[in-house]
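Please look through the structure shown below with its sequence alongside.

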Amino acid sequence: MQLSSHASVADSFSSIDESKETDFTLRDGARIAVIGGGPAGSFFSYFLLKMADAIDLEIEVDIYEPRSFSQCGPAGCNHCGGIVSELLVQILAAEGINLPPSVVQRGVESYVVHMDVGDVEIESPAHEQRIAALYRGNGPREGGDVLLDSFDGYLQGLAVDRGARVLRKLITDVEWLDGRPCLQNADGDSSQYDLVSVASGVNSNFIKMLDDHPAGFVPPRTTRGYICEFRSTEEEIRRILGSSVHVFLLSIPRFEFAAIIPKGPFATVVMVGDNLDQELVHAFLQDPVVRKCFPTDATPCVCSCSPLINLGARKRPYGDRVVLVGDGGVTRLYKDGIGAAFRTAKAAATTAVFQGVSRKDFAKHYWPACRAIANDNSVGKFMFATNSVFKHSRIARSAMLRMAQREQEKESAKPHMSSLLWNMFTGSAPYLEMFRGTLHPGFVSNLLLNLAVAIRPERSKRKVA
Amino acid sequence: MRGALGKQYRDGETIIRQGDVGDCMYVVQSGRVEVVQSSEYGEQHLAFLESGNFFGEMSVFEKEVRSATVKSAGEARVLKVDKKMLLRRLREDPLLAVNLLQTMSHRIRDLDAELSQHRETHL
């Protein structure tokens with residue numbers, strides 16, 4: 001079977017909206033296809049089957065995922081920093097999903113913020129390890145000797161335990177027959193479904209097919225990030241980085257932020273910036289603040305990539321019998337992408353089981369979950385823009401550092417700046433909540449006080465030192 | 001342990017104490033914890049909870065003090081789930097409560113069975 005042109009795939013999805021069909025309820029025997037077996041696809045499948053089982057609805061779920069997450073390097077990877085936020089770890093635990101130690105490469109108990117004016121360690125407000133550093137696939141290239149389990153593989157296993165079937169096939173085309181989507185795979189086989197959930201992510205070829213068509217599925221704005229895996233020994237990584245994620249607020253042109261995440265014998269460097277290129281990566285890795293924290297000269301880079309990062313929301317991530325979940329639709333700005341995948345996947349699954357699979361059903365019951373993330377991202381953009389202004393002012397950096405250091409030193413102090421930095425870097429709270437925190441009189445007065453101290457150069461130098 | 005989440009407790013270490021005010025629930029990540037209740041007749045063993053089980057959830061839904069003490073039975077690792085986070089998420093996603101309700105319903109069923117057995121023994 002021939003591959004369809006890009007436009008024909010998108011046409012297939014948009015044309016069904018004109019269908020006269022009125023029964024969009026999933027009934028016994030309904031068949032659902034999930035394109036992409038990463039977190040969004042596995043969460044969608046898991047909750048769809050769990051909720052269907054709760055109301056005695058018998059459905060079939062096929063997950064199309066050509067990759068095996070048991071493979072090292074790009075073949076089994078989903079190009080992600082690999083942090084499960086404090087918020088999602090707790091939600092998953094409440095859902096009865098507890099991440100096993102073989103999946104979690106390091107439980108994170110603090111974030112260390114590095115700036116040219118000094119650094120500050122911000123401990124988890126709960127004083128326990130509630131953030132998981134992990135690998136989406138089976139670890140970096142050349143990491144085959146390291147025993148670890150993939151996060152994506154673990155979630156896929158949960159979906160399979162619920163009854164989902166994983167098909168290692170690449171979907172190449174979609175047609176509509178009698179108002180229902182018919183998926184064609186690279187082997188030339190085709191199958192008809194009652195619902196297709198597109199969970200293949202912003203970096204997938206399938207999403208690119210949709211993006212190329214202007215009708216209906218207007219793509220979100222994206223940028224490129226940079227991820228690199230450095231290898232050493234587990235002891236050395238623990239000695240250098242501890243159980244902390246190290247984040248950097250540096251005044252390098254085009255640089256937004258970067259983090260170094262310890263994961264067993266590896267350290268993952270994640271970086272975001274404008275028009276990110278090798279020059280910017282080099283400038284970051286050679287910055288004295290970074291070299292002091294993590295000397296990359298002594299640790300070889302064994303795997304790297306520059307994945308696309310979704311910066312916005314797809315205008316309409318649904319249609320009749322089709323729904324986009326995960327970052328192919330909408331995700332949180334820079335942070336907690338897996339958390340956003342969880343939220344959108346569960347909202348879409350709930351809609352499909354309890355409401356229906358029409359465009360109207362998704363617009364009424366699924367879109368609010370996406371819109372909430374998109375609206376919060378608008379506040380997030382403002383927060384990151386403000387952060388950029390602060391980041392490029394030495395006085396502002398000194399004030400931020402001093403304020404956070406004092407809060408960490410005194411247990412009785414209200415952690416205004418610490419909470420803001422913690423939430424900004426961990427994605428533990430909505431951006432709106434962070435913004436509200438910055439309007440608190442205690443935050444404003446403390447920041448002004450610390451700015452005043454920082455403006456007096458000699459005195460501020462002594463305090464920071 | 002390389003990838004353990006939550007907090008490690010030593011054998012016999014108290015995780016929550018009966019009578020204390022609670023603002024979170026807990027999920028056992030590894031090991032085993034023991035639930036005991038003190039009364040005028042002394043300390044009574046109620047249950048052992050293992051990996052995946054949760055406790056302290058009553059404090060999330062009602063403003064009462066902890067009804068029992070939970071301590072580590074051997075080394076155990078336990079994750080704290082904040083009340084504020086949980087209630088906020090429940091507002092956005094009421095189905096998050098289903099797993100909690102299923103466990104609580106199961107516990108009521110077990111209590112009913114125990115009560116029935118107790119009555120039969122004393123009749």
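A:Leu48 touches A:Ile32, A:Val61, A:Ala349, A:Ala352 and A:Val353, leaving aside residues up to four places away in sequence; here two residues are in contact if their C-beta atoms, placed from the backbone, lie within 7 Å. The model is a predicted one, in which local features need pLDDT of at least 70 and side-chain atom pairs count only at pLDDT 80 or more, while totals for chains, interfaces and linings use all residues. Residues are numbered from 1 along each chain as its sequence is written, and chains are lettered from A and ligands numbered from 1 in the order in which they are written.

The setting of A:Leu48 is the largest nonpolar core, which has 149 residues and in which A:Phe44, A:Leu48 and A:Ala345 touch the most other members. A nonpolar core is a set of buried Ala, Val, Leu, Ile, Met, Phe, Trp, Tyr and Cys residues joined through C-beta atoms within 7 Å, and a residue is buried if 20 or more other C-beta atoms lie within 10 Å of its own, exposed if 12 or fewer, and partly exposed in between. Helix α9 (residues 337–354) of chain A gives the most to this core, with 10 residues; helices (H or I, at least four residues) and strands (E, at least two) are DSSP runs, numbered from the N terminus. In soluble globular proteins, nonpolar side chains tend to be buried together.

Helix α2 (residues 39–54) of chain A packs on α9(A) at an angle of about 35°, with the axes 8 Å apart. These axes are lines fitted to C-alpha atoms, for helices over the stretch in contact, and the angles run from 0 to 180 degrees between N-to-C directions. The residues that make this contact include A:Phe44, A:Phe47 and A:Leu48 of α2(A) and A:Ala345, A:Ala349 and A:Val353 of α9(A). By class, the residues of the contact of α2(A) with α9(A) divide into 16 nonpolar, 2 polar and 1 charged, where Ala, Val, Leu, Ile, Met, Phe, Trp, Tyr, Cys and Pro count as nonpolar, Asp, Glu, Lys and Arg as charged, and the others, Gly among them, as polar.

Strand β16 (residues 266–273) of chain A is mostly covered, with 7 of its 8 residues buried. β16(A) pairs in the antiparallel sense with strand β13 (residues 222–231) of chain A over 7 bridges, where A:Ile227 stands opposite A:Val270, and also in the antiparallel sense with strand β15 (residues 255–263) of chain A over 8 bridges, where A:Ile260 has A:Val269 as its bridge partner. The hairpin of β15(A) and β16(A) has 2 residues between the strands, and A:Gly264 takes a positive phi near 55° there.

Elsewhere in chain A, 6 strands form an open sheet of mixed pairing in the order β8-β2-β1-β12-β20-β19, with β8 (165–167) and β19 (318–319) of chain A as the edge strands, each pairing on one side only. Within this order, strand β12 (residues 195–198) of chain A runs parallel to strand β20 (residues 322–324) of chain A, joined by 3 bridges, and A:Val196 has A:Val322 as its bridge partner in β20(A).

Chain B contains 3 helices and 8 strands, and of its 123 residues 26% count as buried. In chain B, 4 strands form an open antiparallel sheet in the order β1-β8-β3-β6. Because β1 (7–9) and β6 (54–55) of chain B stand at the edges with a single partner strand each, one side of each is left without a neighbour in the sheet. Strand β3 (residues 24–30) of chain B pairs with β6(B) in the antiparallel sense over 2 bridges, and B:Tyr26 stands opposite B:Phe55 in β6(B). On this sheet packs α3(A), which touches β3 and β8 (76–82) of chain B and whose direction makes about 105° with that of β8(B).

How many residues does each chain bring to the contact? The contact takes 25 residues from chain A and 23 residues from chain B. On the side of chain A that touches chain B, α3 (86–94), β4 (104–108) and α9 each supply at least two residues, and the largest share, 6 residues, comes from α3(A). By class, that side of chain A has 11 nonpolar, 9 polar and 5 charged residues.

Definitions and conventions: Pairing = 2+ DSSP bridges.
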